[in-house]
Amino acid sequence: AIGIVGLSIGGAASIYAAARDSRITSVATVGAFSNPYEVMKETLQQHHIPFMPMGWLIMKYLEFRVGFTFKSVAPEKHIGKSDAQFLLIHGDADETIAPGHLGRLTRSAKSGNASSWMIPSRGHSNCHLEEGFWERLTDHLKKTLNPKPPAALT
């Protein structure tokens, strides 16, 4: 069993990896996005860059350079392919990745495979300061990575 903890794009990559490797049985993410295409659109809007035509051209150029479309690697399209147990954490004051991405990821996971924790008044990079954060993360990992006890010696 393998467990992964990832922040932001690392969380998104953890979801993608879990969909491809059944040895990954436990994933915890903090501030992961559900779809990089949507994040790019939101970021362009925040900077008052019109999506059409500028934003669209920028996105198409980036997709050409990396060799895949952003929509094809969207964590919300891959989380449901994994049997891993997910703890999805997000701050409701996150200005980098909109808090709505948490719900999209949770809904896209297999039924019963994801629990979510929206932390009030926390942003993108300070959820770990929340009281009980490390205990909840550790509990998730212990529960989902708990190895089977050895067979009794006879």
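User: In which helix is R20 placed?

Analyst: R20 is placed in helix α1. The model is a predicted one, and every value discussed here is computed from it.

User: How should I read the accessibility of R20: is this residue buried, partly exposed or exposed?

Analyst: The general idea is a scale with two cut-offs: buried means under 20% relative accessible area and exposed means over 50%. R20 has a relative accessible area of 48%, so this residue is partly exposed. As for its place in space, R20 and S125 are 105 residues apart in sequence, and their C-alpha atoms are 27 Å apart.

User: Which elements make up the fold, and in what order do they run?

Analyst: The protein has 6 helices and 4 strands. Read from the N terminus, the order is β-α-β-α-α-α-β-α-β-α. The C-alpha atoms fill a box of roughly 70 × 35 × 25 Å along the principal axes.

User: How do I read a nonpolar core, and which residues form the largest one?

Analyst: The general idea is a set of buried nonpolar residues joined through side-chain atoms within 4.5 Å. In this structure the largest nonpolar core has 12 residues, among them I15, I24, V27, F86, L88 and L102. At least two residues of this core come from each of α1, β2 (24-30), β3 (85-91) and α5 (100-108). A second, separate core has 9 residues, including A28, V30, I119 and C127.

User: What does V27 touch, leaving aside residues up to four places away in sequence?

Analyst: With those neighbours left out, V27 touches I4, S14, A18, A84, Q85, F86, L87 and H140.

User: How do I read the largest pocket, and which residues lie closest to its centre?

Analyst: About 300 Å³ of space lies in the largest pocket here. There are 13 lining residues, and those closest to the centre are I9, F33, P36, F70 and V73. Two or more lining residues come from each of α1 (9-20) and α2 (36-46), and α1 gives the most, with 4 residues.

User: How many residues of each class are in that lining?

Analyst: The lining has 13 nonpolar residues, with no polar and no charged residues.

User: Where do I97 and A98 lie, and how does their accessibility read: buried or partly exposed?

Analyst: I97 is in the loop between β3 and α5, and A98 lies in the loop between β3 and α5 as well. At 4% relative accessibility, I97 counts as buried, whereas A98, at 29%, counts as partly exposed. Leaving out residues up to four places away in sequence, I97 touches S8, G31, A32, F33, V39, H90 and H124. With the same exclusion, A98 touches E42 and H90. The C-alpha atoms of A98 and A32 are separated by 9.6 Å, although these residues are 66 apart along the chain. I97 and G6 are 91 residues apart in sequence and 14 Å apart in space, C-alpha to C-alpha.

User: Which residues are joined by a cis peptide bond?

Analyst: A cis peptide bond joins M52 and P53, with omega about 0°. P53 is placed in helix α3, which spans residues 51-66.

Terms used: Residues are numbered from 1 along each chain as its sequence is written. This is a predicted model: local features need pLDDT of at least 70, side-chain atom pairs count only at pLDDT 80 or more; totals for chains, interfaces and linings use all residues. Side-chain values use heavy atoms; hydrogens and water are left out. On a 1 Å grid over the protein atoms alone, a cavity is a set of points where a 1.4 Å probe fits but cannot get out, and a pocket is an open set with protein on both sides within 12 Å along at least five of seven lines; lining residues have an atom within 4 Å of a point. Grid points are joined across faces, edges and corners, and a volume is the space filled by probe spheres set on the points. Ala, Val, Leu, Ile, Met, Phe, Trp, Tyr, Cys and Pro count as nonpolar, Asp, Glu, Lys and Arg as charged, and the others, Gly among them, as polar. Buried means under 20% relative accessible area, exposed over 50%, partly exposed in between (1.4 Å probe, protein chains only). Contact means heavy atoms within 4.5 Å.
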